[in-house]
Amino acid sequence: MHFGFSYIGLLFLLMLIIPNLIWTKNQPADYELYVKNENKILLALERAGEALVTCIALIFSDFNIHGITAWSVILLLAFIIMLFYEAYWIKYFKSKKTMQDFYSSFCGIPVAGASLPVAAFFLLGIYGRNPFMIMAVIILGIGHIGIHLNHKKELEIPQKVVLKELDWHNYKEDWPVIRREAVRGIIRNKEGKYAFVQSRLYGECKFPGGGVEEGESRQNTLVREVAEETGMVVIPASIRYFGETLERKKGYKDGESIFEQRSYYYFCEVEEKCNSQRLTDSEKKLGYELKWMRLEEALRQMRKVEVELEDWLWKIPWLRRDSSVMEILLHDSNQPSKL
């Protein structure tokens, strides 16, 4: 390896940076919504990889042309890949610039905007026989391609379906709004029974799930929350979007505020093994335990609790939310109601 300015490295970086600068003024309208869910570890790897690749590409002269040899074929291939990268951007800039356009395959290559430059710089590292570049590109690839694969996976979720909107109308419109995202798992076994988390304290049952943490994807949240509340292990590949609910009410923990929660419901399957629950202190007080019930049975229980605790429903606001989803599932399944 030899230190020195690399004009080839500069050329590759310009081919990478220029279309990205143009893209900052031509981003898909809803791109920022996907950025909020980016995995922090992948983001850190991406940032570190970008800095390392940029620096290494410029300070090693091994990437320059040193006559025509068998190694030149690798450099030529890397350059052709970068030309494909430019063609991908031309295709995007001529499109309507939607998320679907941004993540559409190019010449059969998935997430081409991320995978093509990673492949080109990896070949550049091989051409220059530079292990630092190869390692830096691997770090970049894990972060950069990983992030965009997650974005593409979220994009493949079917169009939004609002199952129910629940507004308690117990607040003032000028109060500040506190927003929360949550996920709920719809798990059905071979006997046609559904997995619920039932409270020994109040008797109500709800779909397992919980709040999305900062930097966490909804799918990862679903896997984590189901494991914590039931001990069951969700099979990630089985996760399918069903719909979402929106709740709006007074925020009891934050004084004069409006609490707005959007819950995303997913069908999913679980592995046969079942581990121990990992409940929070508040969940332990409610006495949560896994119960398998048919929808009719669960709805009967929910309506019984709603009558018994009519004046205390604010303590279990999920009762009306999950009851509504149960009713929709029951209707969609065409099962005869015995309520």
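A195 stands opposite W292 in β10, within a predicted model in which local features need pLDDT of at least 70, side-chain atom pairs count only at pLDDT 80 or more, and totals for chains, interfaces and linings use all residues. Residues are numbered from 1 along each chain as its sequence is written, and side-chain values use heavy atoms, with hydrogens and water left out. Strand β3 (residues 194-199) and β10 pair in the antiparallel sense over six bridges, where two strands count as paired if DSSP finds at least two bridges between them. Helices (H or I, at least four residues) and strands (E, at least two) are DSSP runs, numbered from the N terminus.

**The three-stranded sheet**

- Three strands make up this open sheet, in the order β4-β3-β10 and with antiparallel pairing; its edge strands, each pairing on one side only, are β4 (205-206) and β10 (288-293).
- Helix α10 (residues 295-308) lies across β3, β4 and β10 and runs at about 20° to β3, where axes are lines fitted to C-alpha atoms, for helices over the stretch in contact, and angles run from 0 to 180 degrees between N-to-C directions.
- Contact, here and below, means heavy atoms within 4.5 Å.

**The five-stranded sheet**

- A second open sheet is formed by five strands in the order β1-β7-β8-β2-β5, and its pairing is mixed; the edge strands, each pairing on one side only, are β1 (162-167) and β5 (209-211).
- Strand β7 (residues 240-250) pairs with β1 in the parallel sense over five bridges, and the bridge partner of D167 in β7 is R248.
- Helix α8 (residues 218-230) lies across β2 (177-186), β5 and β8 (258-267), running at about 120° to β5, whereas helix α11 (residues 318-332) lies across β1, β2, β7 and β8, running at about 150° to β7.
- F259 lies in strand β8 and, leaving aside its neighbours within four places in sequence, is in contact with I178, R180, E247, R248, K249, K250 and G251.
- The C-alpha atoms of F259 and K25 are separated by 34 Å, the two residues being 234 residues apart along the chain.

**Helix packing**

- The axes of helix α4 (residues 72-93) and helix α6 (residues 112-127) come within 8 Å and cross at roughly 165°, which makes α4 roughly antiparallel to α6; angles under 35 degrees count as roughly parallel, over 145 as roughly antiparallel, 65 to 115 as roughly perpendicular and the rest as oblique.
- α4 passes α6 in a left-handed crossing, a crossing being left-handed if the near helix is turned anticlockwise from the far one by less than a right angle, and right-handed if clockwise.
- Among the residues of α4 that meet α6 are I74, L75, F84 and Y88, and those on the α6 side include L116, P117, L123 and Y127.
- The residues of the contact of α4 with α6 divide into 18 nonpolar, two polar and no charged, where Ala, Val, Leu, Ile, Met, Phe, Trp, Tyr, Cys and Pro count as nonpolar, Asp, Glu, Lys and Arg as charged, and the others, Gly among them, as polar.
- Helix α3 (residues 40-59) and helix α7 (residues 131-155) have axes that come within 7 Å and cross at roughly 140°, which makes α3 oblique to α7.
- The crossing in which α3 passes α7 is left-handed, and by class their contact has 15 nonpolar, six polar and two charged residues.
- Helix α1 (residues 7-23) packs with α3 at an angle of about 145°, their axes being 6 Å apart.
- In that contact, G9, L10 and L13 in α1 meet T54, A57 and L58 in α3, a set that divides into four nonpolar, two polar and no charged residues.

- R129, although not a glycine, has a positive phi of about 50°, and R129 lies in the loop between α6 and α7.
- H169, in the loop between β1 and β2, is likewise a residue other than glycine with a positive phi, near 50°.
- Most residues other than glycine have a negative phi.

**Confidence**

- The protein averages a pLDDT of 89, and 94% of the residues score at least 70, pLDDT being the predictor's confidence in each residue, from 0 to 100.
- Over residues 334-339 the pLDDT is below 50, and beyond near neighbours in sequence this stretch has twelve contacts in the model.
- Where pLDDT is low, the predicted coordinates should not be read in detail.
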